[in-house]
Amino acid sequence: MDNVDQTKKPSEMSPDELPGVRAFEDEFTRGFLQSTEETRPGYYPFLSGTGKYEMDFPAGGVVGDKGYSKEGERFESFIIGVDKSLIESSIDMKYMPDKQGYENVVLDMLSTSMDKDLEFEKAELADRELYFAPFKLENGDFGYVAFIQNTVDIGGIHIFYLSGCTTEEENCSEIIEEEESTIMNWLKTIEFINESE
């Protein structure tokens with residue numbers, strides 16, 4: 001590709017200029033992707049419709065346009081469906097105008113919505129706090145409930161990341177272990193875009 005193509009957003013490119021991955025094949029999803037350059041192997045830069053946060057977006061992911069909803073810069077909700085060779089995932093994301101100091105209320109609400117007593121761990125990251133709790137369902141599906149609080153400005157992101165093995169093989173436990181590490185690494189890529197920056 002020449003340098004002219006690099007200045008174009010993926011949504012402005014012709015299909016033959018795009019990487020041949022699921023995320024770019026879907027027109028709605030392509031509208032959020034900022035570049036055809038990977039942020040790291042298998043991920044591309046994603047900008048939220050509110051303009052309030054960015055993250056790495058999986059090459060095998062698609063944002064569902066039917067369930068997408070947004071109110072200006074205050075609220076945004078969507079589900080990402082991710083297909084990988086031995087695993088399928090669904091990521092439910094909501095951006096809300098959460099204020100610092102109410103983290104426990106949000107975490108209680110997330111536990112209640114899962115109908116589980118979740119044990120959240122906390123990670124301090126630059127300009128944000130990440131709260132996360134693993135869970136497992138009776139059918140063998142697993143994932144994380146997470147909440148990311150902006151520590152510089154108003155804003156929080158509520159995340160339900162659910163995965164399941166698409167294979168009946170016994171190596172599902174290995175796949176789960178690998179996927180848990182993938183989810184944690186991905187959660188850390190979600191960063192707020194603050195006015196002062």
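These are my notebook entries on a predicted model, taken element by element.

I began with strand E6, residues 87–96. I listed its two faces. Ile87, Ser89, Ile91, Met93 and Tyr95 make up the covered face, while Glu88, Ser90, Asp92, Lys94 and Met96 lie on the uncovered one. I noted the general rule that side chains in a regular strand alternate between the two faces of the sheet.

Next I looked up the partners of E6. Strand E5, residues 75–83, pairs with E6 in the antiparallel sense, over eight bridges. A hairpin of three residues joins E5 to E6, and I found Asp83 opposite Glu88. Strand E10, residues 156–165, also runs antiparallel to E6, and 10 bridges join the two.

**Entry: Tyr161**

I then listed what Tyr161 touches, leaving aside neighbours within four places in sequence. Its contacts include Ser89, Ser90 and Ile91, which belong to E6. Among the others are Phe135, Phe142, Gly143, Tyr144, Glu179, Ile183 and Trp186. I also checked one separation: Tyr161 and Glu76 are 85 residues apart in sequence, and their C-alpha atoms are 17 Å apart.

**Entry: the sheet of E1, E2 and E11**

I turned to a three-strand open sheet, with the order E1-E2-E11 and antiparallel pairing. Strand E1 (43–47) and strand E11 (191–192) are at the edges; each has a single partner strand, so one side of each has no neighbour in the sheet.

E1 and strand E2, residues 53–58, are joined by five bridges and run antiparallel. Tyr44 has Phe57 as its bridge partner in E2. The hairpin of these two strands has five residues between them, and there Gly51 takes a positive phi near 75 degrees.

**Entry: the nonpolar cores**

I looked up the largest nonpolar core, which has 36 residues. Which of them touch the most other members? They are Met55, Met93, Ile159, Trp186, Leu187 and Ile190. Helix H5, residues 172–187, gives the most to this core, with four residues. A second, separate core has 10 residues, including Val106, Leu118, Tyr131 and Ala133.

Not counting residues up to four places away in sequence, Met55 touches Tyr44, Pro45, Phe46, Phe78, Ile80, Met93, Trp186, Thr189 and Ile190.

**Entry: helix H5**

I checked the length of H5. Its 16 residues should span 22 Å at 1.5 Å a residue, and the end C-alpha atoms are 22 Å apart, which agrees. I listed its buried residues as Cys172, Ile175, Ile176, Glu179, Thr182, Ile183, Met184, Trp186 and Leu187. Their cover includes E1, E2, E6, strand E8 (128–136), strand E9 (142–150) and E10.

**Entry: helix H4**

Glu103, Val106, Leu107, Leu110, Ser111 and Met114 are buried. Seen down the axis of H4, these residues fall within an arc of 135 degrees, so they line one face of the helix. They pack against E8, E9 and E10. The face turned away carries the exposed residues Asn104, Val105, Asp108, Thr112 and Ser113. Asp115 follows H4 with a positive phi, near 55 degrees.

**Entry: Glu129**

My last entry is on Glu129, in strand E8. Glu129 has 10% relative accessibility and counts as buried. Its side chain makes a polar contact of 2.9 Å with the side chain of Tyr131, which is part of the second core. Beyond four places in sequence, Glu129 touches Glu103, Lys122, Ala123, Glu124, Phe147, Ile148, Gln149 and Thr151. Among these, Glu103 is one of the buried residues of H4.

Note on methods: Residues numbered from 1 in each chain as written. Predicted model: local features only at pLDDT ≥ 70, side-chain atom pairs only at ≥ 80, totals over all residues. Heavy atoms only, no water. Buried < 20%, exposed > 50% of the residue type's maximum accessible area, 1.4 Å probe, protein only. Pairing = 2+ DSSP bridges. Contact = heavy atoms within 4.5 Å. Core = buried A, V, L, I, M, F, W, Y, C linked by side-chain atoms within 4.5 Å. Expected span 1.5 Å × (residues − 1). Polar contact = N/O pair within 3.5 Å; in protein donor to acceptor, adjacent residues only side chain to side chain. Arc of directions from axis to C-beta.
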